[in-house]
Structures are given as C-alpha cells and as structure tokens.
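I opened this notebook page to record what I looked up about charged side-chain pairs. The entries follow the order in which I consulted the structure.

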Amino acid sequence: MNTRVLVFVCLSFLSFILAFSLFVVSQKVRSVEYSIHLVDKNVDTEKETLRVLNAEWHYLNRPERLEAIAKQGGDALKMNPVHTDNIFKKDLGTSHLTPVSIPVPAPAVKPVFKKVPKDTSFDDVLERVGGENGN
Amino acid sequence: MAINARSLTRLSVTVTAEKGDALHVARSRIIIVRTVFIILYSVVALRLFDLMILQAMFLQDDAAPSTIVGMPPSDVGGSVAQSVRSDIIDRNGVLLASSLKVSSLYADPKYIVDPQGTAKALSSLFGDVAYDVLLSKLQKSGRFVWLKRGVTPSDQAAILKIGDPGLGFQSEYRRVYPQGHSLAHVIGYNGIDGAGLMGLERGFNSSLVEGAGVLRSTIDVRVQHALLTEIQASMSKFSAQGGAGVVMDVRNGEVLGLVSLPDFDPHAPMSFSKDTQFNRAVQGVYELGSVFKIFSIAAFLDLNDGGLSRTFDAREPLKRGRYMIRDFHPEKRVLTVPEVFMVSSNIGTALVAEEIGTKGLKDFYRRLGLLSALDIVLPAGGKPLIPRPWRDINTLTASYGHGIAVSPLHLVSAVSSIVNGGLKISPRFILADEEGGDIVSSDRVISEKTSAMMRSLMGMVVSEDGTAKKAAVAGMDVGGKTGTAEKPGKNGYDRKRLISSFVGVFPINDPQYAVFVMLDEPKGIKESYGYATAGWTAAPIFSKVVERMVSILSISANHPHDNKDSKKRSVSNIRYKEEF
C-alpha cells in the first residue's frame, strides 16, 4: 500500500513538474510571440511613419512650391531660370571650326630622350634618366 | 457457545489489525485527494497568475498609445477598415498618390449621453458640418453612424476631450495626392470608400487594390509643371476658356505631361464644377484645323516620289460644288508643296488631298489611328468624330483639319508616328519594366524618307518665313505646325470662337519629344494686334515649354554642325525639292 501511495505521489509530482515545465515553455512561446508581434507592430508603425514622411517630403518638394521659393529668393541666391541660350552656343557659322595654328615655343633644355622609349617599366625609366640603377 | 480468553484475544488482534488497515487506507486516500486538490489548485493559481498578471501586463503594453510622429494617438475600438492601396509614382520616383492612415469619427447613438451638447461641441469643431445634421445623426435609432471621415490628429484630441462614451474612432486609409491639382486629370481620384473613380486610379483600380506593387507612370512632374504653368499663363493672358497640352516621347509614346485646364483638387473633386473634371486632352475631341496638314502632306509625299517638287495653284479660292475653300493668308500664287505647308494654304492642301483621293486619305488617317478611339489605360478616351457619310468634299476639308474632330492625344500620337521615322506610336501612361528599346512598335505608317521630309517641312514652319516663328527656341532646332480652327456654333462656324493649337517636335534633326498645346477660345490682345490665332497664342507656349524642358531633361541640342547630314536637313532654306 505504501509503495502504491509512493508511486502515486511520485507520478503526481512528476506530472506536476511536467505540467509546470509545459506552462513555462508555453509562457516563453507566448512571450516570444508577443515580442514578434511587437516588432511587427513597430515595423508597421515605422512603415506608416515613412509613408507619412514620404508624402510630406514630396508635398514640400513639388515643383510649384520650389518655383515660388526660387522666385522669392532668386535674386539673393543668384538663382535665375536656365535658358537654352545659357546651354547651347548660337549658330556661329563654320568660322569657329577653322583650324588655328598655335606657335609652339622651342624647348628651353635639350630633351632627355632622342626617341620615345618602347618600354616604360620603372627600372628602365630610372636607367634612362640616370637614376640609382643607371650610369 | 462459550468464548474462552484465547479466542477473545485473537478476535481483538484481528479487529485491531483491520482497524489499522482501514485507517491506513483512509490516510492514503486523504493524501491522494489532497495531492489531487493541490495540483488542481496549483493549476488554477497558475492560470490566475497567467491571466491576471502576465497577460494583463502584455495587454497593457499592447494598448500603450503610440508616440510615433504622424500616428493617431489611440484608436478607440478601432481597426483598420481597408488594406493599403498601392502608391503611384512618376518616372523619377516622385510620389503622385499614396494612402495614409487616418481616423474617422463614428457614433453609437445608444451610448450618447448628451446628444445636444455633443452635437454642439462637434459642430463648433468641424466648421463644415451643421449642428442639425449632427444632432439628427446622434439621435438615430441604429447602433452605428459615421460623423466625419478623415479627422485630423488635433481634432481627434479635441473629440476625446468631449468624453462622450458613444463616440468612437475607426482607422482607415485615405488617398493623398502630394502634387495636388497638377496631375488631377492623369492620376484621377478615389471615392470615400477607396474605389478609383477617374484617371489611373480607375484604370488600374484592381491592381492597386490588390497591392500589386508601386505603379510607375510615365509622367515627369517637372515637365508636367512646366507645361501646366505655361498654358495657365497663356490662358490668363489671352482670356481663354480652357487649355490642354501633351508632351510625348516620340520614340515610344510615353506621355511625360498631360494638362487639361481648368482642373480641380483631387482631394475634394466634388467642390469643383463638373466641367473641371472633363479631360480636354483625352476626352475632348476638337476640329484642330491646320495641324492636320501634317498628315495630308505626309500621305501625299509617301505616295508620290518626288512629291516635293510638285506645285499647286493657290491663286483663286477653290470651288467644289457649293463649297468654297479659302486661305487665311492668301498668297495668290502657285505654291510648291513645302510652301503649301509653310504658309498653311488650305487651297493647296485641298488640292493635295484631291490627288491622294478619299480612299487614300481615309486609309492613311486610319493607319495613324485618327478614326478610332485610342487604346489607352485612361478610361473614357474620346472617340473621333468623322464625317458620315464621308464624301469627296469631306476629304478636302479633312485634309486641313475641318469636319473631323480628334482628341489632342490622338493628334500628338499621330504626329509622333510621322516624325519618329514612320513607326506607329500609341500613347503610354505606365513605364515599361524593361529599359532601353526606344521604339516599341514595328507597324510602319510612312517611310523613313517621308518622315525626314516631314521633319524638314515642320522645321520650315518655325523659320522666319513660317507661320510659327514665335515657336522658335534659341539654340535648339525645333519644328511644328500651327492650327487655328473656328468652333462650330448654331449657325455654322463661329469666327470669334477659336481653337488655337500648335504641335511641335524637338530636336527636329533627331526628334525626342512632341509637344502639343491648345487654347480654347483665346481672345486677341493689343500685343497680338487683336489676333487670337495659333501663331500668336499657342506657338509661344511651345517655345517656353521647350526652353524649360531642355534644362530639365538635359536634352542635347543636336546642332546641325554635329551632324554630317545637317545641310540636307537644314531648315534655313526651302530648297527641298532638289535635296530629296
């Protein structure tokens, strides 16, 4: 009889422990789910905030408003409308395309090279200009 | 039976043993019952702890008012009534339409404590809702009645201070249009329940509702603004009744700007007259006059090799049956085809049309899409009005844009097809996913050679000797055609009520954009010597719009000196018959 009672008590205790563990796990799951819910909610809130800010940004930057501001402070800021005249040269005929010979002055010193070197590696350059590796 | 002492002792022991067993069993049972009860009570206690402490804590956190900027402070029994409708943006990502969360006020009349006081407080808060209307709503027998949709956060705070338990808020999404009236006719607007009622909002209602992603339109808000302000300024200058304009990419039909004036605020469309919601650029069909000469001359040149060298007698008005065709500025001489186009001779164009024939001209107009409704995403596109039956005299008048009415969008699409090398263009309002690929059509309407000739002829119109020298832009080679048409009245055409329009293309050597502008009933002013014709009213708008577009879109001038064929395409003389 004692043994049966003992077994029963032990089983009861075990089931209690299991039930408690299950409860703790369920609470943890619930807590994590709640955290996820909060994060989702915050994400939604932030998205909504972004939507509002985005709408405000585009409302404030509409060309109509910017043009009015530019007109208001245009003189002070030296902002004037760009005309095609400011961008493109007017038709100058073909005179501006005539090649012009520009006199090239004689060099003040004798050139180092008599002809253009084929190899331009650093060692060769040093050698030709009489550097450390040269004579 | 005698009971001896031994047997009595045995009985006593037996009774004692049985008594001890019974006690033991009872004790064990008590322990079991106690354990069961302990477990049950523990479960109940834990559950109570869970419900009263843990979950209450979570719920309290959940109900905490948001402190995020732009959010309603709290929703009293509110829930989101609608899903988020997709945004609409322009070709550069500028927001054109978006859905934002707002709170709407409702009442449960059963729980309204003081209907009179609440109605008074609310009517003083909302200037646009009368006390009587609010009171009748608050005294209704039902359990739900809307009081005001889309309440501002400050109003919401004020309503919460009234403190009537019968008032509540429900969160819902409302459409906002950051560009305001500027794109009202293209984007359209939504009804209070979120359904698209006009423009792209209506055309793409199902995909926007499904949240299929952001809708990227072909519109460029900068170009739209330039077009709108210039047309608006000219409307005011010439006291015009209305105006319309379209900017189209001639290579693929993308519409960068579309204006119809007067317009309306898409946030409150019902507070404007119904006339403002009429889209003159898409729904309106007009006899556009001489701009149609682009098509009749193109048809003639495409059918006749060496057509440019042909001459037509414009010395006398043309009499056909009981009709007389006259020129607005009679040259009274024999004109070459380039001259017919440049001086906009009705007589010359009618004679050209006679050569093309009724079938030829009708077929050509049909190929350009001028005889049928456009296949576009904007609902309620205008259907052209064409002569029924189409007689030979109609061919003559239709050649210079009379007796046939089309929408501005029809016209600019057809002109794009003429100047882009001859490939048929259909207007597009939604940007294609794929980049590049300029020409999206392979349907040829005229040859490349005819297209090049037409570009040159259109360039001549803007030259010093043309009818649209005011359309010229410094530093940019442009081309185009004016059109001045009298509006039909009760007793035939009314000379004082004009539709003045101009369609132009730039850069003319390698066209990228076509711009159409139109003024409805402009009045002559001192500066225009009393004229209200297109050369004085519409052509300058084109010039100003192009000037602004050049800097906005960084368009290369494509100057003649940059092009080897520039001499052939030069518009400074009219020696085309030798060149082509």
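The entries below concern salt bridges and the exposure of their partners.

Entry 1. I noted that I am working with a predicted model. I looked up the total of salt bridges over all chains and found 27.

Entry 2. I turned to Arg320(B), which forms a salt bridge with Glu354(B). The closest N and O atoms of this pair lie 2.5 Å apart. I then checked where the partners sit: Arg320(B) belongs to strand S9 (residues 318–320) of chain B, and Glu354(B) to helix H11 (residues 346–356) of chain B. I recorded a relative accessible area of 29% for Arg320(B), which is partly exposed. Glu354(B) is likewise partly exposed, at 37%.

Entry 3. I examined Glu331(B) and Arg333(B), whose side chains meet in a salt bridge at 3.1 Å, N to O. Glu331(B) has a relative accessible area of 32% and is partly exposed. For Arg333(B) I noted 30% relative accessibility, again partly exposed.

Entry 4. I looked up the salt bridge between the side chains of Arg444(B) and Glu448(B), with an N to O value of 3.9 Å.

Entry 5. I finally traced salt bridges that share partners, and found one network that joins Asp275(B), Arg280(B), Lys487(B), Asp494(B), Arg497(B), Asp520(B) and Glu521(B).

Conventions:
Residues numbered from 1 in each chain as written. Chains lettered and ligands numbered in written order. Predicted model: local features only at pLDDT ≥ 70, side-chain atom pairs only at ≥ 80, totals over all residues. Heavy atoms only, no water. Salt bridge = Lys/Arg side-chain N within 4 Å of Asp/Glu carboxyl O. Helix = DSSP H or I, 4+ residues; strand = E, 2+ residues; numbered from the N terminus. Buried < 20%, exposed > 50% of the residue type's maximum accessible area, 1.4 Å probe, protein only.
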